[in-house]
Amino acid sequence: MSLPDSPAPAARALRIATRESRLALWQAEHVQRLLAGRYGWQVDLLGMTTRGDQILDRALSKVGGKGLFVKELELALEEGRAQLAVHSLKDVPMELPDGFVLAAVLEREDPRDALVSPRHGSLEALPPGAVVGTSSLRRVVQLLHRRPDLRIEPLRGNLDTRLRKLDEGAYDAIVLAAAGLKRLGLAQRIAQHFAPDEMIPCAGQGALGLEVRQGDPALDAALAALAHRVDAVVETPEAARALGLQAAQALRAAGADGYLAAVVEAPAEAGS
């Protein structure tokens, strides 16, 4: 259920800071259409390449974590080059820098993880020793718990890059967020959806977060009217911490203690 309509805000021009991958642009354009359609605002996009997009040869946990995907966008907000940043919520750090706020969380897409494979219809159907691509420690732990025979290999890059590497034969299968595939009209690529009790999703996966600078109450109110009440409550930092604790407890119960420390310290898997 969305929040009740608020009085129409004054006409204004707005610029959205966004990463330049096809999925990030889809997300920013989605928000652009919402604002233009609801308020008649003139909304432009400011495409940016972040350090997280540039560093593809190392795990995110070794080069600064998930914040690498939002820092440049926040700098654009701070300098006044943009007034709004659209993020995949799972890429947003638990604590925002001083002066920034998460103004709204939009209605969530499918939060599940998905197996993508051109030749195999499920995780169970993969042959012994099959190569599965993911750079998410969360996914690695859960895959190896179910199939310890698999060979897990790193997989970085945006969604299109990951699919291209799969199609070129570098992997037998890869694991991605179902939401990104569905948003880009690629649901047919999904071989298997993992139910949450099969693979615990990342906190915030499938939701979009709208970040702004503090000090513009009219903009805050306009964005709040776009929020999806259920997801805005579920995706609070407190809820995310609780989900992380539940994930750790589930993994411990499954006998995955050896991986827990790495998983708890790992960043969310951006662009997936």
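In this predicted model, Trp 41 is buried, with a relative accessible area of 4%. Tyr 39 is likewise classed as buried, its relative accessible area being 11%. A search of the whole structure returns one aromatic pair, and it is formed by these two residues: the ring centres of Tyr 39 and Trp 41 lie 5.0 Å apart and the ring planes meet at 35 degrees, so the pair is described as tilted. The angle falls in that class because planes under 30 degrees apart would count as stacked and planes over 60 degrees apart as edge-to-face. A charged side chain is also placed at Trp 41, where Arg 12 lies over the face of the ring, at 5.6 Å from its centre. A further arrangement of this kind involves Arg 213, which lies over the face of Phe 100 at 4.8 Å from the ring centre.

Trp 41 also belongs to the largest nonpolar core, which has 22 residues. Within this core, the residues that touch the most other members are Val 31, Leu 35, Trp 41, Leu 84, Leu 210 and Leu 223. Two or more residues are contributed by each of β1 (13-19), α1 (22-39), β3, β4, β10 and α7 (217-224), and α1 gives the most, with four residues. The surroundings of Leu 35 illustrate how parts of the chain meet here: with its neighbours within four places in sequence left aside, Leu 35 is in contact with Leu 14, Gly 40, Trp 41, Val 43, Leu 84, Leu 223 and Leu 226. A second, separate core contains 16 residues, including Leu 155, Leu 166, Leu 176 and Leu 184. In soluble globular proteins, nonpolar side chains tend to be buried together.

The strands are considered next. Strands of a sheet pair through backbone hydrogen bonds, in either a parallel or an antiparallel manner. Inside the order, β3 (residues 84-88) and β10 (residues 208-213) pair in the antiparallel sense over four bridges, and the bridge partner of Ala 85 in β10 is Glu 211.

Another open sheet, also of five strands and with mixed pairing, has the order β7-β6-β8-β5-β9. Val 116 stands opposite Ile 174 in β8 and opposite Ile 190 in β9, while the bridge partner of Ala 114 in β9 is His 193. Along β5 (residues 113-116), Asp 113 and Leu 115 point one way and Ala 114 and Val 116 the other way, and all of these residues are buried.

Helices are placed against this sheet as well. Helix α4 lies across β5, β6 (131-133), β7 and β8, and runs at about 130 degrees to β8. Helix α5 (residues 159-167) packs on the sheet, where it touches β5 and β8, and its direction makes about 165 degrees with that of β8. Of the 10 residues of α4 (residues 137-146), seven are buried, so this helix is largely enclosed by the rest of the structure. The buried residues of α4 are Arg 138, Arg 139, Val 140, Val 141, Gln 142, Leu 143 and Leu 144.

Finally, the loop between β9 and β10 contains Ala 195. This residue, Ala 195, is partly exposed, with a relative accessible area of 26%; the value is placed in this class because buried means under 20% and exposed means over 50%. Although Ala 195 and Asp 113 are 82 residues apart in sequence, their C-alpha atoms are 7.9 Å apart in space.

Conventions:
Residues are numbered from 1 along each chain as its sequence is written. This is a predicted model: local features need pLDDT of at least 70, side-chain atom pairs count only at pLDDT 80 or more; totals for chains, interfaces and linings use all residues. Side-chain values use heavy atoms; hydrogens and water are left out. Two strands pair if DSSP finds at least two bridges between them. Buried means under 20% relative accessible area, exposed over 50%, partly exposed in between (1.4 Å probe, protein chains only). A nonpolar core is a set of buried Ala, Val, Leu, Ile, Met, Phe, Trp, Tyr and Cys residues joined through side-chain atoms within 4.5 Å. Contact means heavy atoms within 4.5 Å. Rings of Phe, Tyr and Trp (its six-membered ring) pair if their centres lie within 6.5 Å; planes under 30 degrees apart count as stacked, over 60 as edge-to-face and the rest as tilted. A charge sits over a ring if NZ of Lys or CZ of Arg is within 6 Å of the ring centre and within 35 degrees of the ring normal. Axes are lines fitted to C-alpha atoms, for helices over the stretch in contact, and angles run from 0 to 180 degrees between N-to-C directions.
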